[in-house]
Amino acid sequence: MTVLEKLQTRSEASTATLPHSVVDDLAYLRTGIVNLYLYGRPGAPNGSWVLIDTGLPGSAGRIMHAAEEWIGPWARPAAIILTHGHFDHVGALKELLRHWNVPVYAHRLELPFLTGRSSYPPPDPSVGGGAMAALSRLYPRGPIDLGDQVQALPENGTVPGMPGWRWIHTPGHTPGHISLFRDEDRTLIAGDAFVTTKQESATAVLAQRPELHGPPAYFTPDWEAARDSVERLAALEPLRVATGHGPPLEGEAMLRDLHALARNFSRRAVPAEGRYIRQPAVFDENGVVAVPPPVPDRLPRVLLGVGLGLMLTGMLSRRQHRSR
């Protein structure tokens, strides 16, 4: 079992199987290290609710069970909306589509990563200073290929199956990242544009400490765009925020902190050094065009030093044993 799988298992052991309510018609389910959302009122007719993101691989059974508990035993969505295509947000997607066969929607700039045309840029494990960041060198970066089951979101900003909501382009974490906003009650589904736990830290992920942070640093290849996206979302004055990582938050204290994050984004969110700090990855309609060179990765050298140290200790121990 990998370290990531162990973390997921420990995290799910403390997570209820049932979805938790955000508002009357929106619930969230935490699958390991990531959240997904179900839009629709309990008891809604079949095909009249929407799933937003699909969690980690192996989560399909839990997601379908959660949908049955929240909506009803007949639960089948009208559509699946993706905030973006990172592995922890599309992990159960193909299995769910085998059961449901419903349309999937994403931003047009996200489609290359969902139709087999391009992998995401390499992660930057040097940023964030935590185990989740260090492990990012092992995370899948795609692409997956959904073929014609995925299509671009409507250009007019409407969200299929979600009347009253609009999608907002919030790039930075990925080129086609979106957030969803409902003006009526100022509810924001932010995806990973910002998050409510320190996602780079395994300890924080397990504890789910509620605190606002920028997007997960190890998978963010354009920090200027990420800052602009947080500023755009803060300007909406949301009353509650539901993010891809960490618990939903609401109230005046949350809003003050969101504005503070937007004002001080360079200090609070942007790492001091890293692969994408001074030069972003470049994208077009077909995916990744160029990435800056990698920064020195100290972990392999550290592991080599530890290994050599253990080997030397073993050799000295054997020599001492023979000399007795």
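Me: Which strands form the open sheet, and in what order?
Reply: The sheet is open and holds 7 strands in the order E1-E2-E3-E4-E5-E6-E7, with mixed pairing; strands here are DSSP runs of E with at least two residues, and helices are runs of H or I with at least four, both numbered from the N terminus. Please keep in mind that this is a predicted model, in which local features need pLDDT of at least 70 and side-chain atom pairs count only at pLDDT 80 or more, while totals for chains, interfaces and linings use all residues. Residues are numbered from 1 along each chain as its sequence is written, and side-chain values use heavy atoms, with hydrogens and water left out.

Me: What makes strand E1 and strand E7 edge strands?
Reply: Strand E1 (20-23) and strand E7 (150-152) each have a single partner strand, so one side of each is left without a neighbour in the sheet. Neighbouring strands of this sheet are turned against each other by 30° on average, with direction ignored.

Me: Which strands does H2 touch?
Reply: H2 packs on the sheet and is in contact (heavy atoms within 4.5 Å) with E1, strand E2 (26-31), strand E3 (34-39) and strand E4 (50-52). The direction of H2 makes about 155° with that of E2, where axes are lines fitted to C-alpha atoms, for helices over the stretch in contact, and angles run from 0 to 180 degrees between N-to-C directions. Helix H4 (residues 93-100) also packs on the sheet, touching E4, strand E5 (79-81) and E6, and its direction makes about 165° with that of E5.

Me: Which residues of H2 are called buried?
Reply: Buried means under 20% relative accessible area, exposed means over 50%, and partly exposed lies in between (1.4 Å probe, protein chains only). In helix H2 (residues 60-70), the buried residues are Ala60, Arg62, Ile63, Met64, Ala66, Ala67 and Trp70. For the whole protein of 324 residues, 53% count as buried.

Me: What covers the buried residues of H8?
Reply: The buried residues of H8 are Met254, Leu255, Leu258, Ala260, Leu261 and Ala262, and their cover includes helix H7 (223-234), strand E11 (240-243), strand E12 (249-250) and helix H9 (265-268).

Me: What makes aspartate 185 and arginine 240 a salt bridge?
Reply: A salt bridge is a side-chain nitrogen of Lys or Arg within 4 Å of a carboxyl oxygen of Asp or Glu. The closest N and O atoms of aspartate 185 and arginine 240 are 3.8 Å apart, so the pair qualifies. Aspartate 185 lies in the loop between strand E9 (178-182) and strand E10 (187-191) and arginine 240 in strand E11, so the pair ties together parts that are 55 residues apart in sequence. At 16% relative accessibility, arginine 240 counts as buried.

Me: Where do arginine 268 and aspartate 257 lie?
Reply: The side chains of arginine 268 and aspartate 257 meet in a salt bridge at 2.9 Å, N to O. Arginine 268 lies in helix H9 and aspartate 257 in helix H8, so the pair ties together parts that are 11 residues apart in sequence. Arginine 268 counts as partly exposed at 29% relative accessibility, and aspartate 257 is partly exposed at 26%.

Me: Which residues do salt bridges that share partners join into one network?
Reply: That network consists of Asp25, Arg182, Asp185, Arg240 and Glu250, and the structure holds 12 salt bridges.

How values were computed:
Two strands pair if DSSP finds at least two bridges between them.
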